[in-house]
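Please report on the fold, the helix packing and selected residues of the structure shown here.

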Amino acid sequence: LLWEMSHHLVETNTITYNAAVSACEKYGDWQQAVQLLCEMACSRVERNTITCNAAVSVCRENGNWQQALQLLFDMGQDCVEKDTITYNAAVSTCKGGGEW
C-alpha cells in the first residue's frame, strides 16, 4: 500500500508508516515491520515512539529478543523517546526468549 501511495505521488509520512507498522504488529510480521523502519530512514521520514513501539511489540510476539533490543538501541541513537510501553515490550521479549 505504501508503495502504491508513493507510486501515485501521494505523500507518505510518519502517520502512514505508523499505520503500516501497526498492521505488521497485528499480523505478527516482524521482518516487514523492520523493513518499514529502514524505508522510513531512507526516505527521511521521522520515526517516533509509536512507530518503534509497534516494531518492538511485533518482535515480542515472535520472541525475537535480539531484534527488539536492536530497535531499543536504535531508538537511542535516533533520539526517539522511549516510554513505558517500549521498555515493557523489550523486557517481555527478553523474558519470553529466556534472556531475562
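## Burial and overall fold

Of the 100 residues in the protein chain, 39% are buried. Buried means under 20% relative accessible area, exposed means over 50%, and partly exposed lies in between, with a 1.4 Å probe and protein chains only. The model is predicted: local features need pLDDT of at least 70, side-chain atom pairs count only at pLDDT 80 or more, and totals for chains, interfaces and linings use all residues. Residues are numbered from 1 along each chain as its sequence is written, and side-chain values use heavy atoms, with hydrogens and water left out.

The protein chain has six helices and zero strands. Its pattern along the sequence is α-α-α-α-α-α. Helices (H or I, at least four residues) and strands (E, at least two) are DSSP runs, numbered from the N terminus. Among the contacts in the protein chain with a separation of 6 or more, 59% join residues 24 or more positions apart. Contact means heavy atoms within 4.5 Å.

## Helix 2 against helix 3

Helix 2 spans residues 14-27 and helix 3 spans residues 30-42. They pack at an angle of about 165°, with axes 8 Å apart. Axes are lines fitted to C-alpha atoms, for helices over the stretch in contact, and angles run from 0 to 180 degrees between N-to-C directions. Helix 2 and helix 3 are therefore roughly antiparallel. The cut-offs are under 35 degrees for roughly parallel, over 145 for roughly antiparallel and 65 to 115 for roughly perpendicular, with the rest oblique.

The crossing of helix 2 and helix 3 is left-handed: in such a crossing the near helix is turned anticlockwise from the far one by less than a right angle, while clockwise is right-handed. On the helix 2 side, the contact uses T14, Y17, A20, V21 and C24. Helix 3 supplies Q32, A33, L36, E39 and M40. By class, the contact of helix 2 with helix 3 has seven nonpolar, two polar and one charged residues. Ala, Val, Leu, Ile, Met, Phe, Trp, Tyr, Cys and Pro count as nonpolar, Asp, Glu, Lys and Arg as charged, and the others, Gly among them, as polar.

## Helix 4 against helix 5

Helix 4 and helix 5 pack at about 165°, with their axes 8 Å apart. That makes helix 4 roughly antiparallel to helix 5. Their crossing is left-handed.

C52, N53, A55, V56 and C59 in helix 4 touch Q67, A68, L71 and M75 in helix 5. This contact has seven nonpolar, two polar and no charged residues.

S57 also sits in helix 4. S57 counts as buried, at 5% relative accessibility. Beyond its neighbours within four places in sequence, S57 contacts E25 and A89.

How many salt bridges does a search of the whole structure find? There is one. The term means a side-chain nitrogen of Lys or Arg within 4 Å of a carboxyl oxygen of Asp or Glu. Here the side chains of R47 and D78 pair at 2.3 Å, N to O. R47 lies in the loop between helix 3 and helix 4 (49-61), and D78 in the loop between helix 5 (65-77) and helix 6 (84-96). The two are 31 residues apart. D78 is partly exposed, at 38% relative accessible area.

E81 is in the loop between helix 5 and helix 6. At 59% relative accessibility, E81 counts as exposed. Leaving out residues up to four places away in sequence, E81 touches T49 and M75. E81 and T49 are 32 residues apart in sequence, yet 5.8 Å apart in space, C-alpha to C-alpha.
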